[in-house]
Amino acid sequence: MPPRRRVQHTQDSIDQQLQQIHLLDPSSSSENLEQLGPIIKQIYVNRQQEAFLRTLQGLVQSKEADIEKICADNYQDFISSVSTLFTIKSYTTNLRDKISTLDSNVTQVGRGLVEKKKALLQTKKTAANLDEAIDNLQACLKVLDVVDRVGEMINDGKYWTALRSLEEVHTMPPASLSQTPLFQHLMSSLPSLRAQIKDAVTASTKQWLLMIRNSSGQVGKLAIDSMELRTRKWRVRREKDASLKHSRIGSAVEAVSNEKVEYNVFDNDRLKVDFKPLYQCIHIYTALESLEELQKSYQADRKAQSDLILPSPLILASLSSLTQEITVLRTTRNFRSERNIDELWVSVVGRLTQAIELSLNNETDPEVFLMVKECLLAFIVTLETYSYTATQVQTFILVLFEKYTTLLENQFKSRFEGDVQRDDNTPMRVSEENGRNAALKDVWLARKEFSELINSPLPLTLPWSQCFPQSCEDIRNFVKRFYLFMDGVSQHHRNIDELLGKSLDRLLANHVSQPLQSRLPGISTLSQIAQIIANLEHFEIACSELEKSLTSLRSAQRGGTIRLTAGASFSETIKSATARISAVIASKLDDFFELADYDWTPKTREDAPSMYLYELAHWLATVVDSLVVQNAYKDEAYKAAVQYIADCLMDFITGPNVPMLNDNALSNIAVDVGFLEGEFKNVGREHVNVAFAELRLMTSIPLSDKVQEYLVPSIRQTTYSIIKPKKFQALLEKLAKFGGSSRDSAERERGEKRRKEADAVGRIFPGESRH
């Protein structure tokens, strides 16, 4: 490939390219340097730097010469123009100074003339005004006199007269005076005078409201006293007339009989409250066509007063406020509406209930709640005579009732627990008829048992301890005080009987049954535990009998059947008590087994049982049969004791405490088992011997050499199903260990046989070995 030829630039081509480049574009603010790049690169590649620089220098010099030529031609014209401008500027400055001086002189002369003219006009205007004022004042003397007397009437409290006088001024015949400014001012001041009258009569009413508020306690007490007198009269009448027995105070019958007796709490021998300021205020506001404003203001004031009722005489003050409202409603027309009264009633009752609830927030004495309830009942009965509906207060009483039941329940908790803790768990004894009657008066018993006890000869040992009758008495007191709160309350709690049942269940289960159960671990005397069982049985019976008798205990209250579930708790505690008897007997049996001195490798077999078993069997029969409990509980004690004895003997031959034994020791255990079975049969408890079945059968297999028979599945399932393979394997291992340690070859041979039999039992029944 032939080599590329370099492009040679002549002097003319370089000069032509430079002429085409405009380094400073007049229409652009940036330099146009992009076109230099290719040219300079091409010059560098062709190595024509020197020629390019010479050409560029020539171009620069040419441009500089053009610039000098242009400046030299126009320089003198520019200098001449500047001189002309400076001359014009000096002329303009002189002219402006002259104009300013002339303006200042003219202004000074004109200001003096204007001030003199203003003074002259003001003087004439003042003179005219004075003349007109004198004429008008002389003509308005009558009107001023009327206005002055209006102020005096307001100060004297003659508000209606003052208002009439203002109306006379307003209705005066027209005259020239009516067009004067003073008369217009007087007429424009009439609304302010009416406002003064309104303010004065309003202040008088507010002062009257303050007086009413200060005497509210006395008014409320008079209302309560009058209602108490009315209640006493009605109570006497009800006692005389049986047909009125169920008619309460405020009923239709009582209201009709009390119509002739009218007692006014605001006008009586002890207190007189004049409602004139309020009536006068209503009259004035009506004349001013502002009655609606007064109604709103009065409603706001009454609500504010109800919010400011002091807590101490709260009920009395509330009574005063509400009776005042009814009086105003009945003695005025269209001033107070039923809606206004209802709003105030809601406000007062809300304030009352809130204050009572706050004051009782930390109260723990239920008697205080009873006293508050009685006060609220008097409040309700009094207001019902003034046609108030006290449903809201009745509902609040039910709220207090729920808190009262909680406090009452808390109060009786300590009583029931104290009855349990103070009980010595010994049966009560009575030696006199009065004592027996007192002991049987408050308790609940089955009819058959009560008949037996009432007919039994004296002295008499009762089947319960002191805890039972004391708790029964507490139950009666609790029910009585529970229903005492609702006495006189017309609106009953919808679940009052259910609340009573739940409260009794909690008291009996948590504060009688549970404390008895808590005392069991600390009692080791069997007679005391047996007495606790007897008490629990009577408590269980009392629960069912109490359900039947609660209807009579709740007096006049109406309701359904009350169900108690606390009996189940007493049943569970009885189980705990019987278990405690078994535990105490087991503890004593441990003492007997500690006396057992078995020889586990005797050389001969015994025909007689171990000596300690004589005392054990005698002690067990004596102790269990002497317990004052039902035979069923004695039978449970026997079963538990015999099972414990069987477990101990089984532990001897299969447990880890005895490392080895021989057939003679096993035979001696079988003799002991047979002795115990005979003893229990003699005392009529043969059925408890079933506890020895596994032990008896297990000892018989090695003694009769029937291990191979045991290994046959069909025989094992039918004959030896009660034997646990794990225990049987342990017995065979102990027998094998004894044979292996013996020096006698026959014994060693027997021991090896037992070892193989033990392995066979464990191998054939790996699953059963875990039992």
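**Exercise 1.** Which residues make the nonpolar surface patch of about 220 Å²?

*Solution.* Keep in mind that this is a predicted model. The patch is made by Leu53, Leu56 and Val60.

**Exercise 2.** Work out whether each partner in the Asp419 and Arg422 salt bridge is buried or exposed.

*Solution.* Start with the pair itself: the side chains of Asp419 and Arg422 meet at 3.0 Å, N to O. Both residues belong to helix 14 (residues 391–422), where they are three residues apart, about one turn of the helix. Now turn to accessibility. Asp419, with a relative accessible area of 5%, is buried, whereas Arg422, at 60%, counts as exposed.

**Exercise 3.** Take the salt bridge between Glu433 and Arg436 and describe its setting.

*Solution.* The N to O distance here is 2.6 Å. Glu433 and Arg436 are separated by about one helical turn because they lie three residues apart in helix 15 (residues 433–441). Glu433 counts as partly exposed at 36% relative accessibility, while Arg436 counts as buried at 5%.

**Exercise 4.** Locate Ser610 and decide whether it is buried or exposed.

*Solution.* Ser610 is in the loop between helix 20 (566–595) and helix 21 (612–626). Its relative accessible area is 18%; buried means under 20%, so Ser610 is buried. Leaving out residues up to four places away in sequence, Ser610 touches Tyr598 and Asp672.

Conventions. Residues are numbered from 1 along each chain as its sequence is written. This is a predicted model: local features need pLDDT of at least 70, side-chain atom pairs count only at pLDDT 80 or more; totals for chains, interfaces and linings use all residues. Side-chain values use heavy atoms; hydrogens and water are left out. Patches are made of residues with over 30% relative accessible area and no salt bridge: like charges are joined within 9 Å, nonpolar side chains (Val, Leu, Ile, Met, Phe, Trp, Tyr) within 5 Å. Accessible areas come from the Shrake-Rupley method with a 1.4 Å probe; for residues, only the protein chains shown count as cover. A salt bridge is a side-chain nitrogen of Lys or Arg within 4 Å of a carboxyl oxygen of Asp or Glu. Helices (H or I, at least four residues) and strands (E, at least two) are DSSP runs, numbered from the N terminus. Buried means under 20% relative accessible area, exposed over 50%, partly exposed in between (1.4 Å probe, protein chains only). Contact means heavy atoms within 4.5 Å.
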